[in-house]
Amino acid sequence: MGRPGLNRRQLLAAAGGLAVAGSFGFAALGTGADALASDARTRVRYWNLFSGGDGANMIAMLDAFRKADPDIDVKDSTLQWGNPFYTKLAMAAAGNRAPDLGVMHMGRVTGFSPGRLLDPWDVDLLAEYGVREQDYNPALWRRGIIDGKLYALPLDIHVQLCFYRKDVLKKADLLGDDGRMIPVTSTDEWFDVLKRAKAVQKKGLQTIGLWTNDQNFQWWFFVAFYTQLGGRWFNDGNTEVLFDTDKATQVLEFLRRHVTDGYVIPGAPTGEQFVNGAPFTWEGNWSVPVFSGAKLDYGAAPLPPVFGRQATHAESHAFVLPHQSDRGGATNEAAHQLAAYVVKHALQWAAGGHIPAYTPTLSTAAYKKLTPQNEYVSAMDHQATEPKVWFAGSTGVLAQDLGPVVVSSTMGSARPDKVARTMKSHLTGLLASKNPMDGRTAAQGGAVA
């Protein structure tokens, strides 16, 4: 009602800039090509952005679904990760050529014009297939609700973790009786841990990998520690910036100190250094298969609560229903059935390091045996997420805008206090700006659950 129509230029700008217009030629890879020629009664077209280890796990889950439900064929396509994926999905939904089922990062859902480019889930139908609100962490479920309707069905949360080498920490007497890293509750304790680890580590390696010159990782780390300090972004109505520059400065100085105290080699390959013996690296949980495959003696914990409150950066892969003007019937029901099946059978997905969103999975004996997953599963209860506004989310405008200025502080090209003020100025501008997908500001965008 009264909202401007979408056009090609708005969609391209919203999904990551006009430069991605040339990305439409990328290939869509899938295992369901034979579905077109199948005798199944119903076919579900499913788009995702999972490649590598994630993709292999997803294919295994889809193959299991095909075996369990032969009357439903899944035509799955894996598209290029990041803004090219969101651009293509937006264009398909706007042009009534959308797939029946898709995947998005939860943080991007608010900006994807729910009700126009996304259709809401039928929660009663999901319940028939065994997926209910009570099966989820309440905060995670609420992130998928916009204007009172569920637009995103969480599959997992993926978090930033503190990976540590047990062999090195044992030499430094930094392991507890349980074989895990000793607790850390302050910045002084954390830097004491680094000092002790550095004293026993291999020469020529950094003590910790921090992705110091990567705008995404630096932004994710900032979100985590700013949340630990209880920092806020905006008021409840998204009409006022509440960003605390003093708290932001504390976080920026903390990140910068890792470089100035000599614990980081800027630009060093973090994963490679960890495999070769560096005591610590901060990485996403998707690195679990890499480090486990290297047969390291390691652990992984949520980012240390150095500011007294547990909070580690978290995002979520979530199933969505891209808008179709004629959505309904057997195909729509099959899309609900497929999403519910994958959500409920996410133990395979957990092997890739992600924490399943379906909480009954977390209490199973099989999940409890997974290491190091069972060490960081508590992150589900203290997620540090970006604000629920149209410009947030993985590879979104907020990260692209603020990530580089965080890097400038960590790398030493700008003072932390000045960067904090710059961040607040950017947030003020973003809050007043309009979502190119629907012409509404954050205050007008239905972001409140």
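Which side chains meet in a salt bridge with Asp-438?

What is shown is a predicted model, in which local features need pLDDT of at least 70 and side-chain atom pairs count only at pLDDT 80 or more, while totals for chains, interfaces and linings use all residues. Residues are numbered from 1 along each chain as its sequence is written, and side-chain values use heavy atoms, with hydrogens and water left out.

Let me begin with the overall fold. The protein has 18 helices and 15 strands, taken as DSSP runs numbered from the N terminus, with H or I and at least four residues for helices, and E and at least two for strands. Its radius of gyration is 22 Å, close to the 22 Å given by the globule rule for 449 residues, so the protein is as compact as a globular protein of that length. That radius is taken over C-alpha atoms, and the rule is 2.2 Å times the number of residues to the power 0.38. Along the principal axes, the C-alpha atoms fill a box of roughly 65 × 50 × 40 Å. Of the 449 residues, 56% are buried; buried means under 20% relative accessible area, exposed over 50%, and partly exposed in between, with a 1.4 Å probe and protein chains only.

I turn now to the salt bridges. Side chains of opposite charge can pair when their charged atoms come close. The criterion is a side-chain nitrogen of Lys or Arg within 4 Å of a carboxyl oxygen of Asp or Glu, and the count by this rule is 13. To return to the opening question, Asp-438 pairs with Arg-440 at 3.5 Å, N to O, and both residues are buried. Salt bridges with shared partners also link Asp-63, Arg-66 and Asp-76 into one network.

Asp-236 is exposed, at 65% relative accessible area, and Arg-232 is partly exposed, at 42%. Asp-417, in turn, bonds in this way to Arg-415, with 3.1 Å between the closest N and O atoms; Asp-417 is partly exposed, at 27%.

Finally, the surface charge. Asp-122, Asp-124, Glu-128 and Glu-333 gather in a negative patch on the surface. Patches are made of residues with over 30% relative accessible area and no salt bridge, like charges being joined within 9 Å. Glu-333 lies in helix α12, residues 329-344, and is partly exposed, with a relative accessible area of 36%.

Conventions. Patches are made of residues with over 30% relative accessible area and no salt bridge: like charges are joined within 9 Å, nonpolar side chains (Val, Leu, Ile, Met, Phe, Trp, Tyr) within 5 Å. Accessible areas come from the Shrake-Rupley method with a 1.4 Å probe; for residues, only the protein chains shown count as cover. Lys and Arg count as positive and Asp and Glu as negative; His and the chain ends are not counted. The place of a charge is taken as NZ of Lys, CZ of Arg, CG of Asp or CD of Glu.
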